[in-house]
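Subject: Structure handover

Hello,

Here is the structure we spoke about. Please look it over first; my notes on what was found follow below.

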Amino acid sequence: MSKLYIEYTDKEITAYGGIAILQKMLDKMSFIQLLRSVPLPQPRSNRGYDPIQIILQFIVSIWCGAHRFDHLEVTRFDRVIQQLFGWERMAGHRSFIRFFQKFTIETNSQVFSRIYKWFFGNLSFNHFTLDFDSTVMTRYGDQEGAAKGYNPKKPGRKSHHPLMAFVSDVQMVANFWLRTGAAHTANNFEAFLRETLSYLEHKTIGLLRADSGFYSKTIFEIIESQSINYIIACPMYITLQQKIFSQKVWLRLEEGVEICEFEYQSPMWEKPRRLVSARQKISVRPKATGKTLSLFEDHEVMRGYRFSCYITNLTLPPVEVWRLYRGRANAENQIKELKYDFGLDKMNLQGFDATEASMSFIMVAYNLMSLFKQVVINDKIKPTLKTIRFKMINAASYLVQNGRNHVLKMSVHMKRRSWITKLWDSIDTMNSPFITISP
């Protein structure tokens with residue numbers, strides 16, 4: 001076997017040539033013009049970085065795989081990306097930390113309200129499905145707002161407990177609030193809903209869905225006062241278990257799945273509300289979601305089923321209510337992608353407002369990538385960011401000058417070149433500066 005030697009090249013090569021396609025999309029959307037219109041914190045010295053560069057470099061670094069602040073160095077020495085965006089010098093991870101530390105609760109409100117309104121004001125859709133969810137982000141330090149609360153994976157650990165809203169039809173984040181770890185799932189729901197609706201102005205919610213953490217008389221009344229259709233999962237309280245046990249008529253949907261509906265009035269409610277319950281036979285569907293009725297775990301029949309229950313003001317058949325709610329599982333998948341691909345639960349700082357600002361810009365990166373999937377890639381199956389990195393972003397490339405123009409030479413397999421070219425050309429057909437999506 002012959003010996004292997006190593007040599008070096010002075011040619012500036014990037015491992016992330018596919019970023020050029022995303023950069024072209026940002027230009028087509030006039031995203032930089034949007035950032036110029038929002039009140040971003042400004043540098044205190046003449047040597048400080050332009051806030052717009054900080055935001056763009058942060059988003060690009062997230063797309064390239066950064067999950068922590070020190071990972072943001074991934075783009076610092078990438079001269080090709082620097083040339084693509086026309087930056088004079090690249091920021092290190094401490095520059096990002098100092099930038100986010102300038103954010104306050106007022107700054108966060110002013111900046112992200114404009115960004116969310118820009119996103120949804122330029123999307124063509126109405127009568128959409130809005131999903132509310134919360135998640136637990138375990139912390140291992142003494143970050144501001146980190147507190148002991150509900151934490152199923154790390155009991156007793158401090159955490160943050162953010163609240164999120166998703167527009168299911170376009171798979172985008174509609175709002176995000178960071179909260180302390182001690183916050184209950186439904187805390188501040190009314191203010192959060194009101195703010196989310198303000199971001200989606202001139203649009204109508206066709207359906208609101210939420211999990212059992214939002215099962216609350218106050219929340220029902222807030223939603224009903226807005227004349228919004230909703231489906232919310234019910235926790236299996238003893239009174240509800242007894243009500244479900246008393247049902248004698250169950251409609252068979254398919255093998256191992258049955259459904260029923262009934263009216264139920266809690267002692268704390270002023271009126272009865274409609275509930276839909278589904279039960280799935282464990283022996284037929286061993287992976288079925290739901291819970292067994294702990295009150296009747298010794299019952300010969302009931303112990304063989306997993307039950308789920310939903311409160312709703314819809315007048316649709318019970319099977320449609322059940323099927324509509326099952327679509328809410330996509331919100332869980334979006335949270336997983338935000339954590340695993342975008343590093344949402346890792347980008348935290350000491351200050352509460354600074355952490356919320358960095359996470360909110362991750363939501364911006366997520367929404368931009370979602371638009372890219374739907375408008376540019378436009379496939380029936382939407383790939384995750386991890387897949388897009390593998391198929392497009394991670395392309396070794398270098399820049400050459402051709403007269404007054406620059407050409408990005410991409411090292412891409414022959415079979416994938418036509419797909420990359422298609423993505424590049426499809427951006428030219430986008431409605432600049434607006435994007436139209438018809439779910």
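**Strands and sheet**

Strand 4 and strand 5 (residues 158–160) pair in the antiparallel sense over 2 bridges. Strands here are DSSP runs of E with at least two residues, helices are runs of H or I with at least four residues, and both are numbered from the N terminus. Two strands count as paired if DSSP finds at least two bridges between them. Lys148 has Lys158 in strand 5 as its bridge partner. The open sheet has 3 strands in the order 3-5-4, with antiparallel pairing. Strand 3 and strand 4 (147–148) are at the edges with a single partner strand each, so one side of each has no neighbour in the sheet.

**How to read the model**

This is a predicted model, in which local features need pLDDT of at least 70 and side-chain atom pairs count only at pLDDT 80 or more, while totals for chains, interfaces and linings use all residues. Residues are numbered from 1 along each chain as its sequence is written, and side-chain values use heavy atoms, with hydrogens and water left out.

**Aromatic rings**

The whole structure holds 29 aromatic pairs. Rings of Phe, Tyr and Trp (its six-membered ring) pair if their centres lie within 6.5 Å; planes under 30 degrees apart are stacked, over 60 edge-to-face, and the rest tilted.

Tyr215 and Tyr237 form an edge-to-face pair, because their ring centres are 5.9 Å apart and their planes lie at 65°. Tyr215 is in the loop between strand 8 (205–210) and helix 8 (217–225), and Tyr237, 22 residues apart from it, is in the loop between strand 9 (230–233) and helix 9 (238–245). Tyr215 is buried at 13% relative accessibility, whereas Tyr237 is partly exposed at 44%. Buried means under 20% relative accessible area, exposed over 50%, and partly exposed in between (1.4 Å probe, protein chains only).

Phe245 and Phe296 are a stacked pair, because their centres are 4.1 Å apart and their planes at 10°. Phe245 belongs to helix 9, and Phe296 to the loop between strand 12 (273–281) and strand 13, 51 residues apart. Phe245 is partly exposed, at 25%, and Phe296 is buried, at 16%.

**A charge over two rings**

The charged end of Arg279 sits over the ring of Trp250, 4.4 Å from its centre. Arg279 also lies over the face of Tyr305, 4.3 Å from the ring centre. The test is that NZ of Lys or CZ of Arg is within 6 Å of the ring centre and within 35 degrees of the ring normal.

Regards
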